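Student: I would like a close look at one part of this structure. Please take me through it step by step.

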Amino acid sequence: MADHSEPVTGSATAMSDNSPKRGLSRRHFGHVVAGSTLMVAVELARAETSEAAIPSPPQIASLFDLLDAQNLAAAPTSGLIAIVVKEDGTATFALPRTEVGQGITTSTAMIIAEELDLPVERVHVTLAPARQELVFNQLTGGSSTTFTTFTPIRVAAATARTRLVNTAAALWKVSPSTLTTKDGVITAADGRTVTYGAIAKAAASAITITIPVRLKARSSFGVIGKGRGRTDARDIVTGAKDFALDLSVPNALPTMVARPPTHKGVPVSVANLAALRAMPGVTDVVMISTGVAIRAKTFGQCIDAVRAVDAQWSGGAVAGANDASVLAGIRKAELPMVVPKVPILTRTVDANFTFMFRSSAALEPNAAIADVRATSATVWAGVKAPIVAQAEIAQAVGLPISAVKVKVITGGGSFGHKLFADAAVESARISKAMGKPVKLLWHRADEPRQGRLHPMCTSRVRHRPRGAGAEFRAAPHQRQDRLRSWLR
């Protein structure tokens, strides 16, 4: 195998950057996991922090920031995620993050293809279902995915390549250093070749073993850093891409919720329950804590029934409040400005800003599919914290976490909304109440009315530079020029 890596300069560690100037090692350890075909995982000795990357005076963010914390939190369970090389020559990887349009399934496929010497088209990246044992390794947020998964994925891919090459070398009775890899094919100096798929089964191990590997030097990258379209772009623009509501789950019918007129209101009773159940297409009507859920044959029939609901509601936690009353409360809670007011003829900046409630709803409304049975529950949704969603669903339907499956589906945007499993939990509650699978869709108007919003807040700025007021003490003929200069 051609050695494109840099020399080992230290002890075995797992770093995300291998620049020699940092004195870091390119040597890593990966696991070949026991199985019928080649499966590899990674062991991380420690994770790199910003201190190694930013030579600057001691600042908190320079020494240790949010990305460092997420990296360290993910490291202990990195060995639980694995790359599988199949007998058809493809590689598969269940990414423990959520794709919501940021392109991480494509970038992850590129990372694997780079280190494995396999065409990107032959790398299939899926989204891992909720796995409690992954803990913080299954949280998508803070723009941390590539930062926290780059090295583990590279090491796992390099481990697979190393194992495949070593297996071929043993079969041919040659040194691994004489073999090269390209596009999923191993080539010997005498011209013999073997594909990854043909040797994947032989490369598998009956027991889990640990082998040392070297990562490619950045100078030899042929995939990473090169422009590439998304692997799922065609499916997205042609409508072939499956989002939550595109899935076909047996007997999961369209479901929507008539929501209270006040934030966090609760339904007390429904006056026209029989009439709602008799409406065209309607199969079920139940009251839940967040509203009146209606299941029908089409979403159009759901909307008609939702509009016809005649319910009595409790006010909720903020009944009677409005924008004006909330703003008045915020103004009352403002702390006094440290800089006092100054005379009007003084150079100052004195401004007040009000940020109103606003929704940053994604293109895809909140949606989820749920099938809750007496002893189990399965939910399909685009959630960015699957294990949190799994625990909340378990609590909502009264089942142990082990009985709840959360299947992570690509989301149509997020803007932070999919950090919260509102639709997933609500769909589970509805499915349990109805005793049937449901395909829940929030109306677009539901999110700004009852969804999560950016809070209302105020911001005040007051500043008086040193020497302020000099322009007004100057001679009259100088004042206009100085004021114009200041305003620029």
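Tutor: Start with Arg452, which lies over the face of Phe420, 3.9 Å from the ring centre. Such a charge sits over a ring when NZ of Lys or CZ of Arg is within 6 Å of the ring centre and within 35 degrees of the ring normal. This is a predicted model, where local features need pLDDT of at least 70 and side-chain atom pairs pLDDT 80 or more, while totals for chains, interfaces and linings use all residues. Residues are numbered from 1 along each chain as its sequence is written, and side-chain values use heavy atoms, without hydrogens or water.

Arg452 also touches His417. Contact means heavy atoms within 4.5 Å. Is His417 buried or exposed? His417 is buried, because its relative accessible area is 11%. The cut-offs are under 20% for buried and over 50% for exposed, with partly exposed in between (1.4 Å probe, protein chains only).

His417 is in the loop between β18 and α12. Helices (H or I, at least four residues) and strands (E, at least two) are DSSP runs, numbered from the N terminus. Now follow that loop both ways.

On one side is β18, part of an open sheet of seven strands. The order is β12-β13-β10-β19-β16-β17-β18, and the pairing is mixed. Two strands pair if DSSP finds at least two bridges between them. β12 (282-288) and β18 (404-408) are the edges; each has a single partner strand, so one side of each lacks a neighbour in the sheet. Neighbouring strands are turned by 25 degrees against each other on average, direction ignored. Axes are lines fitted to C-alpha atoms, for helices over the stretch in contact, and angles run from 0 to 180 degrees between N-to-C directions.

Inside the sheet, β10 (residues 253-258) and β19 (residues 438-441) run parallel, paired over three bridges. Leu253 has Val438 of β19 as its bridge partner.

Helix α11 (residues 386-397) lies across β16 (367-372), β17 (377-381) and β18, at about 140 degrees to β18.

One more charge over a ring: Arg259 lies over the face of Trp442, at 4.1 Å from the ring centre.

Terms used: Lists of a residue's contacts leave out its neighbours within four places in sequence.
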